[in-house]
Amino acid sequence: MKKAMIEQLVLGMVGTNTWLIKNKEINELLIIDPADESARIEEKIDRMGGIPVAVLLTHGHFDHMLAADDLRDEYGIPIIACAAEQQVLTDSIKNLSGSWASAHVLLADQWVCDGKKLELAGFSIEVFHTPGHTAGSCCYYLPEEEVLFSGDTLFAQSVGRTDFPTGSGTDMQASVKRLLKELPETTRVCPGHNEETTIGYEKRYNPFA
C-alpha cells in the first residue's frame, strides 16, 4: 500500500513546481525544488501536518532553490543535491539568478551521485544522474511509491532546455532515453514545470523518446 501524500505548489516568477511528499505513516516530509516564497511552502507544510526532514534539489537553477536556505534554517534540515551540480549552485551566472533575479548561490549539505540509495522520511529513494538541462541534473525515484521527481529533465511530451550553462542536447537525449527504458511504464512523473505525466505516456508521445 502506498504511503505517500504528494502535494504541488507552483511558485516563483517562472512557475516552478515545488513538490512536498509526506509519509502518511510517520508524518515526515520531503521538500523537492523549493522554488521561492518560503512562507507559502511553510503554510502548505503546516496544512499537511508533516515534519520536514530534507530538501532535495533536482538541479541548481535559481527557480528551483531560492527558498532552500530559508527552509534549511527554519527546520534545521539538510539540502541534498547531485555532486556534479556544485559548479552551478555556487555560481550566480550558471544558476541564472544573476540575470533573472538577485544573485544567489548555495552549498548543499549532502552531495549524491548516480545510483545512490537514500532512506529519508521512511521512503527508499534512488538517485538518477540525468545530465542535459545542466551537468548535475538528477531525478529522484521512489520505487515503492511508483513516482519520479524529474526536475527539468523530463516533461509531459517535452524535455528541459539545453542552452543554459553546462547544458547538453546530447546528454539530455541520453538521460531521457535511460529513464524511459529503465523505469516502469506505470511510474508517475512529477516534473519541474507544467503538468504530470507517466513513463508509459512519454514512451509513446514524447518526441525525444
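Colleague: In this predicted model, which residue in strand 2 is the bridge partner of methionine 5?

Modeller: Strand 1 (residues 4-11) and strand 2 run antiparallel and are joined by eight bridges. In strand 2, methionine 5 has as its bridge partner lysine 22.

Colleague: Which residue in the turn between strand 1 and strand 2 has a positive phi?

Modeller: The two strands form a hairpin, with four residues between them. A positive phi of about 80° belongs to a residue in that turn, glycine 12.

Colleague: Which residue of strand 3 stands opposite isoleucine 21?

Modeller: Strand 2 also pairs with strand 3 (residues 28-32), in the antiparallel sense and over four bridges. Their hairpin has four residues between the strands, and asparagine 27 takes a positive phi near 65° there. Opposite isoleucine 21 stands leucine 30.

Colleague: How many residues of strand 2 are buried?

Modeller: On one side of strand 2, Thr16, Thr18, Leu20 and Lys22 are buried. For strand 2 (residues 16-23), the number buried is eight of eight.

Colleague: Which helix gives the most to the negative patch?

Modeller: Glu43, Asp46, Asp70, Asp73 and Glu74 gather in this patch on the surface. Helix 1 (38-48) and helix 2 (68-75) are the elements that give two or more residues to the patch. With three residues, the one that gives the most is helix 2.

Colleague: Is aspartate 73 buried or exposed?

Modeller: Aspartate 73 has its place in helix 2. Its relative accessible area is 64%, and the cut-off for this class is over 50%. Aspartate 73 is therefore exposed.

Conventions
Residues numbered from 1 in each chain as written. Predicted model: local features only at pLDDT ≥ 70, side-chain atom pairs only at ≥ 80, totals over all residues. Heavy atoms only, no water. Patch = residues over 30% accessible without salt bridge, like charges linked within 9 Å, V, L, I, M, F, W, Y side chains within 5 Å. Areas by Shrake-Rupley, 256 points an atom, 1.4 Å probe, with all protein chains shown as cover. Salt bridge = Lys/Arg side-chain N within 4 Å of Asp/Glu carboxyl O. Lys, Arg positive; Asp, Glu negative; His and termini not counted. Charge placed at Lys NZ, Arg CZ, Asp CG, Glu CD. Buried < 20%, exposed > 50% of the residue type's maximum accessible area, 1.4 Å probe, protein only. Pairing = 2+ DSSP bridges.
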